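Please look over the model shown below before reading on. The report that follows takes up a few places in turn.

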Amino acid sequence: MVRKIETALAQAGRKPVKSYGFVNPKLVRGSTVLYPDMAAKRATGPRVLEPVEIYGLYGNETHFALEAAIAEIEGGLHTQVTGSGLSAITVPLLAYLKAGDHLLVPDSVYGPTRSFCDGTLRRYGVETSYYDPMLTPPALAPMFRPNTRVLFTESPGSHTFEVQDIPALAKLAHTRGAKVFLDNTWGIHHFQPFSHGVDVSIQALTKYPGGHSDIILGAVTVNSEEDWRWLRLGALELGNYASPDDCWLALRGLRTLHVRLKAQEAAGLRVAAWFAARPEVARVLHPALPSCPGHEIFRRDFTGASGLFGVVFQPRFTPEDVVRMVDALQHFGIGASWGGYESLVLPTTGAIRRSEGTGVFEGPLARFQIGLENVDDLIADLDQGLAALRGA
Ligand SMILES: Cc1ncc(COP(=O)(O)O)c(C=O)c1O
């Protein structure tokens, strides 16, 4: 029976019969799996593409429960959980690419993805070219080479929130024989990757699915058996593993994801609109606002927003003024990551790594993650933060 996202989040991955009747899946920890006899061992040994307990490293029913849930939420066929959001990026890149291949990556990509491309992949003979995330297919087409194997996308981009035209870019990539990877962490269930042409969808479960800033976890989802072979066998060869405790917590996080996200989306929009009306602000980089590059694509392709966005301050302010504002805030933690229940802020001007001559903004930037606190409290805090920015 077809179920909508709220129902899927409440039910996916649960099999009470397998959990002594309890509501939630079991938390299983283990390395060795014991077999009753050699016939049983021989029967399970080759079934590495299935959710079967063979050896702890290959996953157990806690992993499989989360993988089934994420596959359903992403609208895909199979999911592989990974030890972190970053390894949900590096594992499939290593699984699909080989020496001599070429990879296209948006200039707005998450910084550690860029470090991996410029470090490990380069050392292993894979060349990366960075492209402007807002390029149209005709403008991007000349950057494809005969050996371009992957078009990597991240929408919206890290720190600068450009929303990419994934369906159009995917069409181009497929005509050139390249696979389309998407870091779908911001979009979560608001962007359905496979109905928009994506082949490999990546989620940092550390963020909203975890939701409580207490786990590190990732997931990679694919929508064909052929892609599953590439991904699953690559992940096994690399020794990828995710903590069952973290998988169990992510499953628990999924049950409340919809209400948390709805509240954080609404609060984020209120704060973003408040910022947009302030004279200290040049532009708000929130995909749901027209001031964000790709806003029209967001309206076409997404069913909602998260509570993470950027603010560009007026050029008269310096990065040091922004630091003064950040230090003055009382309700915002200063820290990396996002998707937890608590509000965070991070000055991001220095974090933007771009090809020469791109990624230049009117003034200094900061990134805000809006949590579940009272929005009036947050706005009052930001008001006094802006006074500190002005040096008042
Ligand atoms: C867009 C995006 N992708 C991936 C990651 C990596 O997730 P993790 O911190 O679990 O490695 C992050 C982390 O901030 C992120 O913002």
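This is a predicted model: local features need pLDDT of at least 70, side-chain atom pairs count only at pLDDT 80 or more; totals for chains, interfaces and linings use all residues.

## Around the ligand

Residues are numbered from 1 along each chain as its sequence is written, and side-chain values use heavy atoms, with hydrogens and water left out.

G85 has a backbone N or O atom 2.8 Å from an oxygen atom of the ligand, and L86 has a backbone N or O atom 2.8 Å from an oxygen atom of the ligand. In D183, an N or O atom of the side chain is 2.7 Å from a nitrogen atom of the ligand. The protein buries 89% of the 390 Å² that the ligand exposes when taken alone (areas by the Shrake-Rupley method with a 1.4 Å probe; for residues, only the protein chains shown count as cover).

## Helix α12

Helices (H or I, at least four residues) and strands (E, at least two) are DSSP runs, numbered from the N terminus. Helix α12 covers residues 375-390, and its end C-alpha atoms are 22 Å apart, which agrees with the 22 Å that 16 residues should span at 1.5 Å a residue. The expected span is 1.5 Å times one less than the number of residues.

At the N-terminal end, N374 caps α12 with a side-chain oxygen 2.8 Å from the backbone nitrogen of D376. Just after the helix, G391 has a positive phi of about 80°. Buried residues of α12 include V375, L378 and I379, where buried means under 20% relative accessible area, exposed over 50%, and partly exposed in between (1.4 Å probe, protein chains only). The buried residues pack against α9, β9, α11 and β12; contact means heavy atoms within 4.5 Å.

## Helix α8

Helix α8 has 13 residues, 225-237, and reaches 18 Å from its first C-alpha to its last, close to the 18 Å expected. Among its buried residues are D227, W228 and R232. Their cover includes β1, α4, β5 and β7. G239 follows α8 and has a positive phi, near 75°.

## A buried arginine

R114 is found in helix α5 (residues 111-123). Is R114 buried or exposed? R114 counts as buried because its relative accessibility is 7%. The side chain of R114 reaches the backbone oxygen of R353 at 3.0 Å. Leaving out residues up to four places away in sequence, R114 touches D107, V109, Y130, R353, R354 and S355.

## Two loops

The loop between β4 (148-154) and α7 (166-175) holds P156. The peptide bond from S155 to P156 is cis, with omega near -5°. H159 is placed in the loop between β4 and α7, and has a positive phi near 70° although it is not glycine. With 16% relative accessibility, H159 counts as buried.

S337 lies in the loop between β10 and β11. Its phi is positive, about 65°, and S337 is not a glycine. S337 is partly exposed because its relative accessible area is 27%.

Notes:
A polar contact is a pair of N or O atoms within 3.5 Å; within protein, one must be able to donate a hydrogen and the other to accept it, and residues adjacent in sequence count only if both atoms are side-chain atoms.
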